[in-house]
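Hello,

Here is the structure I said I would pass on. Please have a look, then read my notes below.

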Amino acid sequence: MKYVTTRIITTLLIVITMAGSSKAGNWTNFSNYQQATCIAQRYNELWVSDKGGLLMYNTTTGEKTFYDKTQNALPSLTIERVRVHPQTMDIWIGTYDNGLAMLHNGTWTHIPFPTAAAMLYEMKIAADGTVWSATTEGVYKYQNGSFTLFLQNNAPWDIDLMPNGKLLCGHHEPFIFDPVTLSTQPINSSVFAYGFSRVIAEDDHHFFFSTDHGELAEFTDTTETDTLHLGYARDMQFKPSGNLLLLDQDNILHEKAGAYCQTIAFGNNEMTAFLSLPNGEMWGAGTETGNTLFHYNQQGQTIETDIRRCGLSDNQVSRIHNTSDGNVLLLAGNNLQKFDLNTQTFHNMPVDSVAAMSINDVLETNGKLYVGTSYRYLYEYSTANGWRQLGNGILPHAEVKRFDTDAQGNLWMAGYGYIAKYDGANFTVYDNSDHYRLTQYMRDIHCDKTRNLVWFCSYDGIFKLENGTVTFYNDSTAGIQQYYDVVETIEEDANHNIWFGTVYGGVIKYDGSTFSTMILPEHVGNQFVSDIAFDGNVMYVSDNLHGIWKYENNQWDSLTINNSAIANNFVYALNIDTKGNLWIGHHVQGVDVYNKNGLALQVEQLTNPLKALAYPNPSSGIFNIQWGSNENADVTIYSPDGKRVLFIPDSINHLTQFDLSNKSAGIYIAEVKTKSATQRIRILVQ
């Protein structure tokens with residue numbers, strides 16, 4: 001599917017933050033740092049940019065400062081680069097979707113690119129203070145308050161600054177660009193990048209080119225001198241000795257005498273950013289670890305620091321529903337969480353380990369929790385019976401895409417080429433075997449309790465099941481003006497009108513007798529309506545490409561990353577909770593909550609008072625565990641397959657030692673638990 005990002009501002013569109021009510025309301029962002037993109041150091045501060053925000057970590061005190069859009073006026077939470085200005089020592093960030101920003105004396109200044117469609121790949125600051133940005137539109141130079149655009153028709157994926165003032169550029173092949181003469185020097189290489197590449201220059205004569213399929217080419221005076229296959233280099237940096245360091249997912253590789261050896265192994269943490277310091281220390285940040293900062297110190301110890309900001313388990317939030325007790329249920333990644341609106345805290349819901357592999361939707365009804373999966377059918381949870389798998393051998397396909405319940409409490413589901421009803425004991429299946437002509441790509445299902453029928457939609461149009469008969473509607477139906485018949489979501493308003501959100505053609509309304517279509521104001525290209533929510537007579541429409549649209553009194557208003565505090569325009573889910581808050585689920589930026597009554601929710605700042613560390617780590621088997629709390633601790637060691645292999649109860653003196661030398665090599669987990677806190681540390685037995 002090709003998405004068009006061209007923006008057209010129409011004269012009919014009134015752009016406001018929240019249609020007048022925003023002055024009384026507050027935004028709250030719940031997100032964590034799960035995909036670090038860059039690390040920079042200023043004095044004793046470590047700055048970590050991430051696709052979920054910006055962190056300043058004080059290496060002396062351990063204090064963490066989080067920056068987001070709601071409190072700190074960042075232009076975006078999708079931050080690709082963080083740099084320290086060599087002259088002013090100001091902090092600069094480059095965002096993927098909203099230009100640059102500078103932090104000076106505690107105040108952020110937004111510096112958008114001249115072209116709004118420019119998406120950032122790389123940002124570097126030269127010794128003279130010039131800021132260079134590689135974007136989808138070309139390379140921007142920012143100097144003396146203005147931009148100059150280069151390489152508009154040959155936009156590189158990566159750039160590095162050479163001492164002679166030229167730019168080393170990485171595209172399908174490397175090339176050198178001279179911004180003074182505007183000349184481009186192609187460089188012949190035996191390796192080729194298909195979708196992305198990285199470059200790094202040691203000096204004017206010696207540089208490296210890394211491709212997206214694992215090839216590393218070395219050049220001297222534009223002549224290729226060596227080629228190695230190492231795996232894709234996420235990042236490359238030079239040590240003060242001149243040797244090259246490469247971040248290759250789980251390891252930092254060190255070039256020595258023409259060969260690359262492992263310098264630091266971070267297990268299966270999938271590191272995405274690192275920083276090498278002149279004193280031999282290194283800092284790294286990863287994704288699969290669940291928001292962890294790693295410090296490899298001069299003693300050879302790897303110390304982990306939790307950099308979670310809140311209790312949200314995953315920044316990819318695809319479904320948000322209200323619970324029967326008046327709280328909010330979220331599907332974050334493959335984790336289910338309940339947000340308690342009274343205590344304002346997240347609570348993890350029980351998830352079967354098999355079901356958690358691929359959750360599509362979740363629903364709480366009749367005192368039970370239902371989970372629909374892509375490959376494992378339907379799961380039901382109750383406190384009495386635990387988890388039960390349902391539908392295997394009955395449903396025609398393993399996918400359960402979406403849920404709803406009818407007036408009788410039956411559970412209805414849509415899956416791959418079928419819909420089905422589950423009454424708590426038996427399934428009734430409707431699929432092509434019954435000549436219903438249902439298509440494969442079912443997207444959503446809705447029980448119309450007023451009319452006692454079921455609506456469901458697919459990539460081919462709209463279906464209605466009434467009294468056992470299926471009726472099909474598409475763009476040949478009067479009032480429907482969609483393109484390609486792709487319908488994504490269904491919602492019902494307080495007046496029992498049924499609304500359908502499409503991928504290409506705005507929203508469709510059914511008033512009980514006729515259909516009508518409303519095209520969103522951003523009518524160029526796709527209009528991927530991912531969800532619809534109603535707050536009384538106000539309709540919110542999440543446009544997966546252009547933020548959120550609010551429809552009230554026959555007027556469309558816009559909320560985007562550019563004119564509101566929402567974290568990103570790519571919105572998956574909308575929900576109005578029982579207190580009237582608007583919940584917005586993002587693709588990688590967590591959750592935004594808007595409270596129109598002016599009572600802001602609080603972000604639960606997570607800190608770990610234990611500050612436990614393991615050393616030496618890695619080790620051949622002998623480890624020390626030390627923690628900063630004055631409490632005694634139980635220390636439990638878990639094997640790579642999750643089994644408990646060692647338990648040391650009631651350890652005192654804030655230190656204990658244990659021996660795993662008789663265990664096989666691998667990554668183990670050391671859990672340190674006191675009465676007030678718990679911390680887990682990854683340890684590597686070599």
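This is a predicted model: local features need pLDDT of at least 70, side-chain atom pairs count only at pLDDT 80 or more; totals for chains, interfaces and linings use all residues.

Now the overall build. The protein has 686 residues, and buried ones make up 57% of them. Its secondary structure comes to 1 helix and 64 strands. I also looked at contacts between residues at least 6 apart in sequence. Of these, 45% join residues at least 24 apart.

Strand E53 covers residues 547–552. Strand E54 covers residues 555–559. The two pair in the antiparallel sense, over 5 bridges. Which residue of E54 stands opposite Ile 548? That is Leu 559. E53 and E54 form a hairpin with 2 residues between the strands. Asn 553 in this hairpin takes a positive phi near 55°. Strand E54 is mostly covered, with 4 of its 5 residues buried.

Then the cysteines. A disulfide is a covalent bond between the sulfur atoms of two cysteines. How many disulfides does the model have? The count comes to 0, with sulfur atoms required to lie within 2.5 Å. Are Cys 38 and Cys 447 buried or exposed? Buried means under 20% relative accessibility. Cys 38 has 7%, so Cys 38 counts as buried. Cys 447 has 2%, so Cys 447 is buried too.

Best wishes

Methods:
Residues are numbered from 1 along each chain as its sequence is written. Side-chain values use heavy atoms; hydrogens and water are left out. Buried means under 20% relative accessible area, exposed over 50%, partly exposed in between (1.4 Å probe, protein chains only). Two strands pair if DSSP finds at least two bridges between them. Contact means heavy atoms within 4.5 Å.
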